[in-house]
Amino acid sequence: MADTLHAYRHVQGIYFPIAIGVFAVIIAALLVLLVRGARRSRPAAARSQALAFEVAYALLLTGVVAVLLWVTFTAETPLDRTAAHPALQIKVTAAQWSWRIEYPNGATVTAVSTWHPPVALVPTGVEVEIVGTSRDVIHGFWLPQLHFQRQFLPGYVTRFDLRFDTAGLYDGECSVFCGDQHSQMHFQLRAVSPAMFQQWLFSHASRTGTAR
Amino acid sequence: MNTTTLPVRAAPLRTLASTDHKRIAIAAGAVAFAFFLAGGVLALLMRSQLAADGGVVSQNVYDELFTMHGSTMVYLFMVPVALAAGLYFVPLQVGAAEVAGPRVALAGLWLLVGGGLSMWSGFLTSGGAAAASWWGFDPLSDSLHSPGSGMELWIFGVMMATAGQILWAGCVLATALRRRAPGMTLMRMPVFTWSMLVTCLLTVFAFPALILALALLWAQRHFGGVLTGGLGAVNYQQLFWFYGHPVVYVMFFPFVGMVGEVVATFSGRRFFGYSAFIVALLAFAGLSMTVWAHHMFTMGQVTNKYFSLTSTALVVPAGIEYLDLLGTLWRGRLRFTTAFLFALAFIVQFLIGGLTGIIVASPPLDYGLNMSYFVVAHFHYTLFAGSAFGLFAGVYYWFPKLTGALLSERLGRLHFILIAIGANATFFPMFILGSEGMTRRIARYPVSTGWQTLNVVETVGTGVIALSVLLFIVNVVVSLRSRREAGDDPWGGQTLEWATSSPPPRHNFTRLPPIASYAPLLDLREAREGANA
């Protein structure tokens, strides 16, 4: 199950507190050293190395690295995999400077260089496979609310799964600098219930006609 | 001691043709600092644009601004100034009369000047300067998407500057390995010299990959068929980042070395954990050659877990270096000079850059943060709030050696306070904006995002940084005019550069003290105190 949002939150929930804790410990140690060092009138006798201590410390750090990697790897594996039978497959073609989103029945939504792109719908609670490519340079398909992005390369297909658990509007941006109108290369997805999605898809397909 | 060397203000022509490593290094430092000011002006323009809701420059001019800002700061400022510090101080710290290959080092200076002028002359062409980011990545940088001579001038400029840097690294490396004074074994070399040694190893091994990548890009632009399709783009980035990550450490190690020297001197004690620190540096350098594709996690074309493993493993050598820096403060008698304040700020602020680096080394987190302002904040905390603070620590520490005059401590402290406030006001909000979805390299953003307030804070911060840099220039000018003589050793230094006059004579030393450890001058002082007791 490629649940990008929960994978991010899970790893963040472990990494960020550790980072903040380490920062706090080092700052506290630094402050103690500074206050004591400022009071001293001459350097006190001190050893110039403590090899056994440093080796033990390096082993401790190695342990921390192992824990971090275990958290990262277990969270990453499902993100890099695509489901064998996704509920829906959407083709996304990026170009300077537009997004073209195409559904299996031929319905399309195209957003051309705008901050107010037309909304494309996706169903909630199921695996949606994105099949992405680019027509010219590298673009980045980024949904900040899902904490997920992938790059689309010219002449190459990028596949990944997304899951929208919460209904609502998802802003999308091009994350990879792609030239002049990179700032305006937005797209928008709205996650709705599968039933509403089917209804929309049918009516949208009939409106857009037989899309190319 | 004799001072046949002319002061820094010597005729520029003589400086530009000199084979004295000290003059070459000062000229290189001055050229790099001029590029730092130029790159800083571009940053001010970019920040004005983002605070003023995109109203200052057009979109394509903004693309030129951030491309040239990044290119200038990396290729023309941080790397050259790091290597220039090595060019000046490594021969002095190992007790050598000269750098190895002085004419080669001089060529490096000319390549830097030529390369910088080539890159910047893009602004004079009708199509403007290069605008494909400091990575110059294909296919955006090919002849179809980036036509015009600005891009060509950028390619040649970067190649020239990089070639010069490889030459410098070769000279400094050969000096440390082959020109050491009698008694100066490898394991008695000062911490800064060791940091330069690993820096030069990285430069020699990694920088040719950039020249190769740019040569391929040039061939692609003129003949095509070299970097084709999606995998051509991947191959360019493999080569680019094979350079592009080690270069980050080239812009880090020398400043850690400087901070190490400053911390030891102003703690009045021997550097703690010397041999562990050297082993950590070597391990750090070796590992840093294996992490490059963590810049490519979101491409889906590399083995993310391998690069995540190597990148996260950097925690071990980095942790040891931090332990040794803090250990050097332990039981010392601290003197809070300007140099020491900058070194402390380096330790605190680089830590923020380092810890957030571990965060983006985790692919599930990087998928959410890559290419956002979170990453911009991360690397500015390492490069500016970290390395540039380390550089200023080095400048305040070594300026008396370079010129024979002390910098004003009063102006120095003011400079420090302003730049510390400015740097944090500029770069900390970027963590928040990046997490909220602000992409890097955008010239404007929808007001509905609510990002403008923090962007205004950042821009004000940049203004404070600019003010502090002006204050630094005033300090240099004032201190050179109303000279307060520094003498040979104003700080109670521990390494050989303090055993000669300020500035040192043409061939550096008239006599050398005995060398029995990595802190020979401290040995002498301790022996004297022992005799008196």
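Strands here are DSSP runs of E with at least two residues, while helices are runs of H or I with at least four residues, and both are numbered from the N terminus. What you are looking at is a predicted model, where local features need pLDDT of at least 70 and side-chain atom pairs count only at pLDDT 80 or more, while totals for chains, interfaces and linings use all residues. Residues are numbered from 1 along each chain as its sequence is written, chains are lettered from A and ligands numbered from 1 in the order in which they are written, and side-chain values use heavy atoms, with hydrogens and water left out.

Strand 2 (residues 98-102) of chain A runs antiparallel to strand 3 of chain A, and 5 bridges join them. One spot to look for is Arg100(A), whose bridge partner in strand 3 is Thr110(A). Two strands count as paired if DSSP finds at least two bridges between them.

At the strand 8 end, strand 5 (residues 127-134) of chain A runs antiparallel to strand 8, with 6 bridges joining the two. Here Gly132(A) has Thr158(A) of strand 8 as its bridge partner.

The peptide bond from Gln96(A) to Trp97(A) is cis, with omega near -10 degrees. Trp97(A) sits in the loop between strand 1 (88-95) and strand 2 of chain A.

Chain A has another open sheet, with 5 strands in the order 4-10-9-6-7 and, again, mixed pairing. Strand 4 (119-123) and strand 7 (148-152) of chain A stand at the edges with a single partner strand each, so one side of each has no neighbour in the sheet. Neighbouring strands of this sheet are turned by 25 degrees against each other on average, direction ignored. Strand 4 of chain A pairs in the parallel sense with strand 10 (residues 186-192) of chain A over 5 bridges. Among the residues involved, Leu121(A) has Arg190(A) in strand 10 as its bridge partner. Also look at His147(A): its phi is positive, about 55 degrees, although it is not a glycine. You'll find His147(A) in the loop between strand 6 (139-143) and strand 7 of chain A.

Over to chain B. The side chains of Arg221(B) and Glu152(B) meet in a salt bridge, 2.7 Å from N to O. Arg221(B) lies in helix 6 (residues 191-223) and Glu152(B) in helix 5 (residues 149-178) of chain B, so the pair ties together parts that are 69 residues apart in sequence. A salt bridge means a side-chain nitrogen of Lys or Arg within 4 Å of a carboxyl oxygen of Asp or Glu. Over all chains, the structure holds 14 salt bridges. Chain B has a cis peptide bond as well, joining Asp138(B) and Pro139(B), with omega about 5 degrees. Pro139(B) lies in the loop between helix 4 (102-120) and helix 5 of chain B.

So how do the chains meet? The contact (heavy atoms within 4.5 Å) takes 86 residues from chain B and 71 residues from chain A. Between them, the buried area is about 6,500 Å², and carbon and sulfur atoms give 69% of it. In chain B, Lys305(B), Arg331(B) and Tyr367(B) lose the most area to chain A, together 11% of what that side buries. Buried area is the accessible area (1.4 Å probe) that two parts lose on being put together, summed over both. The count between the chains is 1 salt bridge: Glu529(B) pairs with Arg42(A), their closest N and O atoms being 3.9 Å apart.

How values were computed: Axes are lines fitted to C-alpha atoms, for helices over the stretch in contact, and angles run from 0 to 180 degrees between N-to-C directions.
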